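These are my notes from one sitting with the model.

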Protein chains: 2
Amino acid sequence: MNKEKPTIIKLEDIAKALRVSISTVSRSLSNSSRVKEATRKKVREKADELGYIPNQIAKSLISGKTGVIGVIIPRYDEAFFIEVCRGIDHYARKHNYRILISSSRNSSRFEKENIMVFEKGIVDGLIISLTHQTKSQTHLQSMANRGTPLVVFDNMNEKIEGAMHVRIDDYSAAYEAVQFLAQKKSVQTVGFIGGTILKSIFNKRYEGYKDSLLSSDFSLKEEFVFNCKSMHQVHEYHEIYNFLSKLNQFPNAFFCSTDSYALLCIKALSKLGKRVPEDIQVVGFGNLHYSRLFNTELTSVSQPSFKMGEKAAELLLSKIIKGAYLPSEKIDELILPTKLIIRNTTC
Amino acid sequence: MNKEKPTIIKLEDIAKALRVSISTVSRSLSNSSRVKEATRKKVREKADELGYIPNQIAKSLISGKTGVIGVIIPRYDEAFFIEVCRGIDHYARKHNYRILISSSRNSSRFEKENIMVFEKGIVDGLIISLTHQTKSQTHLQSMANRGTPLVVFDNMNEKIEGAMHVRIDDYSAAYEAVQFLAQKKSVQTVGFIGGTILKSIFNKRYEGYKDSLLSSDFSLKEEFVFNCKSMHQVHEYHEIYNFLSKLNQFPNAFFCSTDSYALLCIKALSKLGKRVPEDIQVVGFGNLHYSRLFNTELTSVSQPSFKMGEKAAELLLSKIIKGAYLPSEKIDELILPTKLIIRNTTC
DNA sequence: CTGTTAGCGCTTTCAA
DNA sequence: TTGAAAGCGCTAACAG
């Protein structure tokens, strides 16, 4: 049979076969200077012949580096996080790094568990988006204190000393999106659909919405504001449908704090016989790719998700490799620009 | 300031502080039997006090196990793969395992690179969905020969000896979905929209479509069959729109080999003034969650993505821990059931 | 240019 | 019940 013996080849095996020392083999394989060209060649050939694969674990034990960066996101099934991961992966791979992704499932308990696993030295640094549940950040803070490279992106609560933060200006982005709506003649009222206000980014988007309305001399009507409690798409739809169906009167537009809420809102509105954008305009937040699969393409605040991942990875690797996130030690956050993309759910 | 010295505590530090040997500390911490209860307690307290965190790398070097399983998917931005990852993660976490996700970006070169990284011993096993580009599987085969636990899911080309395969019956699933359409009085012709036929699953779905048509005494019209060449959503839309706009006559229904194609198809049809399902019915494949975000909910072949991940993880961990994928050595593949979910794009 | 030796942090015999 | 020592696979300082 084809039972190759599952022997794992190590330096010693090559050394023995060639009657040279292990160090010579090691040096040859790492292209080190001080080995005779002939020996080096001989070694490499033997290594190939035997199918030698270096043991990364042993290397890591010595170097203290694993070549892996940890990523913790609140959930897998949200396109924004996946886009960020793509960005991280894209940058990391160029620098010969891998990413270890974990989901905290929106639970601070799982989040902590994941952090603890990473702390055991299997990653060289960590990129994380905090869940709304995270109250105490002491774990992350002590990680940063211990000198572990740490980048927080998207949602965060308090700042963490010694960590870097990558985010957008949620407040202003929301403010401007609502301004865009408020400036239309056809718009007198704007509603809001968001997620739990415990999550700081959602809260900021709400604040932006609110202030934008007020600055336009619109009144903020509580009955047009809704925050989903559930974290599951099917339930979210029902919550939103319920909310809308109970409205006696509709606002002229809705600003939604994610694209997903916007799509669910449109779906519910259409179920209720309202046309988008003729009767009611809708603006989302995130500009995720799936919003393009839809018949009426969504107007949305574009957030540079992929870029956010790339930047987070860049900062982290800089800290890992060069010892500093940025040349200037003063800066501890990076704010990426957003842009309102106007498509067909507004007119 | 709060500059804790970033000293990393090791067993030796605890040993010194307590004037005991390193072995005693190690034993105490691993709850080993043969340590006096008092000593054990003393050690644990000291460890806590000093903030000791075990070095997983050192442990791995000894045990030969990392507690990590590698996952390679063709792309991040396809909901199916993410669902599978969720399933893998769900099972793995219950068993104290982590997952290291990489994307092959639909390139056999990247795929090979990723495999090579994993082979260096940073994972205890590998779960992979092959890209359509993969022609030579020798790399995976030799990995399996070497005894590395390996589970292939979704797309695969030839079987790999010593690996486990988890999949659905793409042919039959497509066959039945098309039967469902063909049996309608209103349907005389069914079109097909798919991806590259180089990908075996797409090819099987196409074959199922074809045979289903033929067995219903429908003719297979080449002009109603289209395979996207691009792997990018925006381009895919244009390809599909182009294809449809050139049609002189339309089929009564389209069977699409993914949900994403189905949604793009619906979008293009609507652009062309066709109503779904009144004028043309559409069936997708995958039943992914985002298909619920849309106004007209998609009829689709439900594929147990999450379950597929769980099963893949279960088999892999069984091989890692117990030495065998399944009690019976004979079985080398697991075929999961599919189901047609009828929603509003068919009538 | 090459070999010897001492670890990396931990577990695990083998002795005491 | 504890300690000393060997060693996981590799690198790197130190000799030759």
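**DNA strand C**

I began with the backbone of Leu11(B), which has an N or O atom 2.8 Å from a phosphate oxygen of DNA strand C. I count a pair of N or O atoms within 3.5 Å as a polar contact; within protein, one must be able to donate a hydrogen and the other to accept it, and residues adjacent in sequence count only if both atoms are side-chain atoms.

The model is predicted, so local features need pLDDT of at least 70 and side-chain atom pairs count only at pLDDT 80 or more, while totals for chains, interfaces and linings use all residues. Residues are numbered from 1 along each chain as its sequence is written, chains are lettered from A and ligands numbered from 1 in the order in which they are written, and side-chain values use heavy atoms, with hydrogens and water left out.

I then looked up two side chains at the phosphates of DNA strand C. An N or O atom in the side chain of Ser26(B) is 2.7 Å from a phosphate oxygen, and for the side chain of Tyr52(B) the figure is 2.5 Å. Two or more residues each come from α2 (22–29) and α4 (56–63) of chain A and from α2 (22–29) and α4 (56–63) of chain B. I take helices (H or I, at least four residues) and strands (E, at least two) as DSSP runs numbered from the N terminus. The most is given by α2(B), with 4 residues.

There are 24 residues around DNA strand C, and Ser23(A), Thr24(A), Arg27(A), Arg34(A) and Tyr52(B) come nearest. Near means that a heavy atom of the residue lies within 4 Å. On the DNA side, 59% of the atoms within 4 Å of the protein belong to sugar or phosphate, and the rest to bases.

**Arg343(A)**

Is Arg343(A) buried or exposed? Arg343(A) is buried, at a relative accessible area of 13%. My cut-offs are under 20% for buried, over 50% for exposed and partly exposed in between (1.4 Å probe, protein chains only). Arg343(A) sits in the segment after β12 (339–341) of chain A. Its side chain reaches the backbone oxygen of Leu298(A) at 2.8 Å. Beyond neighbours within four places in sequence, the contacts of Arg343(A) (heavy atoms within 4.5 Å) include Asn287(A), Ser291(A) and Glu297(A).

**Cysteines**

How many disulfides are there over all chains? I found 0 in the whole structure, counting cysteine sulfur atoms within 2.5 Å as a disulfide. For Cys256(A), the closest cysteine sulfur is that of Cys265(A), at 4.4 Å, too far for a bond. Cys256(A) is buried, at 0% relative accessible area. The sulfur nearest to Cys347(A) is also in Cys265(A), 15 Å away. Cys347(A) is exposed, at 56%.

**Aromatic rings**

The search gave 25 aromatic pairs over all chains. I pair rings of Phe, Tyr and Trp (its six-membered ring) with centres within 6.5 Å; planes under 30 degrees apart are stacked, over 60 edge-to-face and the rest tilted. Phe80(A) and Phe153(A) are tilted, 6.4 Å centre to centre with 55° between the planes. Phe80(A) is in helix α5 (residues 79–94) and Phe153(A) in strand β4 (residues 150–153) of chain A, so the pair ties together parts 73 residues apart in sequence. Phe80(A) is buried at 7%, and Phe153(A) at 0%. Phe81(A) and Phe153(A) are edge-to-face, with centres 6.5 Å apart and planes at 70°.
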